[in-house]
Amino acid sequence: MSSYLSFCDYDVYGFDVDHTLAKYKIPNLFDLISSSLAQYLIENKGYPEELNLPFDVDKDFCTRGIILDTQTGNFLKLTEDGVIIRASHGTLMLTEDQLIEEYGEGRLWPHYEDIIDRVDNIGRDRYRVFENFFDMPLMVIAARLVDIQDKEASERSASYDFWKDILDAANDCYAQHQFAEEKGGFFPAWKKDIGRYLYPISEDVRQWLRTLRLDNKKVFLMTSSRVDFAEATMSFILGKDWQSYFDLTITNARKPGFFQKNRAFYALDGVVETEAVTELQEGATYSQGSITPLMTFLSQITGKKQPKVLFFGDSLRSDVAPSKKSDWETVLILEEIDSEQCLFDSGALNNKTKLQVPVNCPSELEKAYLTSHSWGSFFTDTHPLKPQDDLRYMNTLWGYVIRKYADLAVPQLEYITEFPLDHKFEVFNHEKTHIWGFYPSVPKALQTNSDTS
């Protein structure tokens, strides 16, 4: 593969919405989700009021990429070869001796191949991956429920069956019909004060999006949100004319299924899906769909038999891995590149380039909500069976997934908009561990004292 990526080499650019084009105010978002879930569980499932503690009480416990074993109540951080690096039972971190007692000297988690091969929550009844920003507050709620159940039993419980209740709470929180009906704990609060949860897109990103469409290049929007939520989000961050930035809008895409299943596109009458469509029209908005008819359409409007597609998304599970497997190239929006700096130094974003700090640069509070001293770096950690390994080796399960499926990873779009489209960005080598596509700088945990490039 090429060692660099230039935007000018692509025929089509695709964008996810949430946490990609739409940057959220994470502390407010996490507080709202956590409160919504807890209130539902208290009111509808009979859990005690202590479940609804402020989110920030446990913010250091919450981080991306942790896996819950729903039967044991254990939370796990894995290496790329499935060894448990760190673990907790509920919110209480386990000691090395406790880890060995429970998992043996090898500390191998038996289900890791399901995740590393498929990058999905296929074992939903057995485990759950907290991989994106809408999922992560569920981690805190689940851990508190383990603590509550053990406290009520005055000992560690033999089994846990609360996960189905959490799924009910999440379904109530995120059920897409709730947006129009203004029901549940999430959507009404979000609609009442959108600016509390979202940043507007900067003028630099607006101009950059328009530049992408020059020379017959095409740009599409694809979100798993229903059209009404997507419309409200895009109108706030980009303006009422937001659709003028895109040649096609796909809502309710239900990723990653969009890449894996044969689903028809549906026309829309307001929020209602009407008939299935056999031919897509430029400038239109559709619901559902799948990659095969999309690629047929993109071939038609670009005049290219096999148009080259570059997709921007935040979810390794729903955006990056499935699109890479479908022969698209990928830009991962990964806020931890910026946020993790607070774990390792005072928070300097990057000391190599002379970029202007983005308008929506994360605050120290936002960094604290996205990182954890208890769990350590998202990218690397001391391997319990190979403590001599270089810590600059990106050895965590999700570090491996980044290297394998992402071509470029940036904290937010502002970092790349000031460059000409023919600028060459270094990319990940999907087989070699020390060739990375992080931009504008390598995460602090992967740097040496002398090498900050």
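Are F134 and F186 buried or exposed in this structure? Both F134 and F186 are buried, where buried means under 20% relative accessible area, exposed means over 50% and partly exposed lies in between, with a 1.4 Å probe and protein chains only.

The model is predicted: local features need pLDDT of at least 70, side-chain atom pairs count only at pLDDT 80 or more, and totals for chains, interfaces and linings use all residues. Residues are numbered from 1 along each chain as its sequence is written, and side-chain values use heavy atoms, with hydrogens and water left out.

**Aromatic pairs**

The structure holds 42 aromatic pairs. Rings of Phe, Tyr and Trp (its six-membered ring) pair if their centres lie within 6.5 Å; planes under 30 degrees apart count as stacked, over 60 as edge-to-face and the rest as tilted. Two of these pairs are listed below.

| Pair | Centre to centre | Angle between planes | Class |
|---|---|---|---|
| F134 and F186 | 6.4 Å | 85° | edge-to-face |
| F428 and F438 | 5.0 Å | 80° | edge-to-face |

The pair of F134 and F186 links distant parts of the chain, 52 residues apart. F134 is in the loop between β7 (127-130) and α4 (136-153), while F186 is in the loop between α6 (177-181) and α7 (187-192). Here helices (H or I, at least four residues) and strands (E, at least two) are DSSP runs, numbered from the N terminus. F134 and F186 also belong to a cluster linked by ring pairs, together with Y24, Y174, F179, F187, W190 and F229.

F428 and F438 both lie in the segment after β16, so their pair ties together parts that are ten residues apart in sequence. F428 is buried, with a relative accessible area of 0%, and F438 is buried at 7%.

**Charges over rings**

A charge sits over a ring if NZ of Lys or CZ of Arg is within 6 Å of the ring centre and within 35 degrees of the ring normal. R210 lies over the face of Y245, 4.0 Å from the ring centre. K424 is placed over the face of Y4, at 4.4 Å from the ring centre.

**Strand β5 and its partners**

Strand β5 covers residues 84-89, and five of its six residues are buried, so the rest of the structure largely encloses it. Two strands pair if DSSP finds at least two bridges between them. Strand β4 (residues 74-78) pairs with β5 in the antiparallel sense over five bridges, and A87 in β5 is the bridge partner of L76. The two strands form a hairpin with five residues between them, and G82 in the turn has a positive phi of about 85°.

β5 is also joined to strand β6 (residues 92-93) by two bridges, again antiparallel. H89 stands opposite L92 in β6. This hairpin has two residues between β5 and β6, with G90 in the turn at a positive phi of about 60°.

**Backbone details**

A cis peptide bond joins K255 and P256, with omega about 5°. P256 is in the loop between β9 (248-251) and α10 (257-260). R254 is found in the loop between β9 and α10; R254 is not a glycine, yet has a positive phi of about 55°. R254 is partly exposed, with a relative accessible area of 38%.

Q288, in strand β12 (residues 285-288), has a positive phi of about 65° although it is not a glycine. Q288 is buried, with a relative accessible area of 11%.

Another cis peptide bond joins Y439 and P440, with omega about 10°. P440 is found in the segment after β16 (425-426).
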